[in-house]
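Morning, everyone. Please bring the model up on your screens. I'll walk through it piece by piece.

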Amino acid sequence: MNLRFTDWIWHVKGSLALAPGQSSDEAFDRLDPLFRETGTSHHRNGDTLTFRKKDQAAQDKMSIFTDGVLQIERGVSGLVLRYHLTSRALLLCFLAPLLFLGFAQLTIAIGILDKPTAQELAEEKKKEEEEEKKIAARPLNPIDKFLGAPAPEKPKKDKDKDKKKKDEEEDHGPSPVPAYVFAGIFAALYVGGRILEDRLVKSLFRKRLLGS
């Protein structure tokens, strides 16, 4: 698979025009505090800055990113900062819905395999009918018969029990609904995070470059 068609999932790219007269050194000096956070290592080589984060603090404004490259190039109307950032968190958030959808399909498959067959249900029903016949055919106790007690009636089916059994047959095994719910939650988190982080990091770089 060509990664160019999939790297947008966990890569954030963008560009910003530097202020008129602002040099590369001045721009990187303004951005430097962002790469001196705990767990962040960085290296600058001319007009290119690379960084990597490990065990970064939650207070780090760029904590969602794992590594990245910032380059200052000359554009048509002046110097431009181009950045290419990578986020393992975004990738995991993208994969999580697929994982939970897989769990849901597995749950459905297990439910189908565990569901009793028509033959098993027929045999169970036949067994219940035989038990009822045995109870109905049980002879009356001589003492009860002498006292004029009526013959034992055929036991009535417990409607609630039958209904419960029917519900269990229809709803056999674990439900895939929780897996679908979690898949939806992570999908929403990814979409929201992908859009939000793109805007946040661009705003962060802009504020630093402009000194506001």
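First, a term I'll need: two strands count as paired if DSSP finds at least two bridges between them. And a caution: this is a predicted model.

With that term in hand, go to β5. Which residue there is the bridge partner of L16? It is L81. That pair belongs to a set: 7 bridges join β1 to β5, and the two strands run antiparallel.

Now the other partner of interest. β4 and β5 are also antiparallel, joined by 8 bridges. D67 is bridged to T86 in β5. Follow the chain from β4 into β5 and you go through a hairpin, with 4 residues between the strands. Look at G78 in that turn: its phi is positive, about 140°.

Is β5 mostly covered or mostly open? Mostly covered: 6 of its 8 residues are buried.

Let's step back to the whole chain. It has 6 helices and 5 strands. Read from the N terminus, the order is β-α-β-β-β-β-α-α-α-α-α. There are 212 residues, and 26% of them are buried. Take the contacts with a separation of 6 or more: 57% are between residues 24 or more positions apart.

Next, the core. The largest nonpolar core holds 27 residues. Which of them have the most contacts inside it? L31, M62, L70, L85 and F205. Several elements give two or more residues to this core, among them β1, α1, β4, β5 and α6. The biggest giver is α6, with 5 residues.

So let's look at α6. This helix has 34 residues. From first C-alpha to last it reaches 49 Å, close to the 50 Å expected at 1.5 Å a residue. Its buried residues include A179, Y190, R194, E197 and F205. Just past the end of α6, G211 takes a positive phi of about 75°.

Finally, zoom in on F205. What does F205 touch, leaving out residues up to four places away in sequence? The list is L16, L31, L34, M62, L70, L81, Y83 and L85. Notice L16 and L81 in there. Those two are the bridge partners we started with. And L31, M62, L70 and L85 are on the list of residues with the most contacts in the core, along with F205.

That's the tour. Questions, please.

Methods
Residues numbered from 1 in each chain as written. Predicted model: local features only at pLDDT ≥ 70, side-chain atom pairs only at ≥ 80, totals over all residues. Heavy atoms only, no water. Buried < 20%, exposed > 50% of the residue type's maximum accessible area, 1.4 Å probe, protein only. Contact = heavy atoms within 4.5 Å. Core = buried A, V, L, I, M, F, W, Y, C linked by side-chain atoms within 4.5 Å. Expected span 1.5 Å × (residues − 1).
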